[in-house]
Amino acid sequence: MKTLKQLLEQRPRKLITVSPDDSVFSALELLAKHDIGAVLAMRNGRLAGIFSERDYARKVILLGKSSKE
């Protein structure tokens, strides 16, 4: 069984980030493009939050909205 350290060493070093002002749709495009489940929201080089597929499912789809809204 691999350790967490071994798994992390296999991943690319570049972090995929968005701005909190970016649209949900653009964040979803990045998730799909990079085959990841979450993206960091950064403002002025500082972590402002995290957006995940789970957030999208619970806070957009289940409220009857679409990602372009």
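Leaving out neighbours within four places in sequence, Ser 52 is in contact (heavy atoms within 4.5 Å) with Gly 37 and Ala 38. This is a predicted model, where local features need pLDDT of at least 70, side-chain atom pairs count only at pLDDT 80 or more, and totals for chains, interfaces and linings use all residues. Residues are numbered from 1 along each chain as its sequence is written, and side-chain values use heavy atoms, without hydrogens and water.

Ser 52 belongs to strand β3, residues 46-52. Strands here are DSSP runs of E, at least two residues, and helices are runs of H or I, at least four, numbered from the N terminus. Ser 52 counts as buried because its relative accessibility is 16%; buried means under 20% relative accessible area, exposed over 50%, and partly exposed in between, with a 1.4 Å probe and protein chains only.

Now the whole chain. The protein has three helices and three strands. From the N terminus, their order is α-β-α-β-β-α. Buried residues make up 19% of the 69 residues. The C-alpha atoms fill a box of roughly 40 × 30 × 20 Å along the principal axes. Of the contacts with a separation of 6 or more, 23% join residues 24 or more positions apart.

Strand β3 leads on to a pocket. The largest share of the lining of the second largest pocket, three residues, comes from β3. Among the lining residues are Ala 48, Gly 49 and Phe 51, along with Val 24 and Ala 27. A pocket is an open set of points on a 1 Å grid over the protein atoms alone, where a 1.4 Å probe fits, with protein on both sides within 12 Å along at least five of seven lines; lining residues have an atom within 4 Å of a point.
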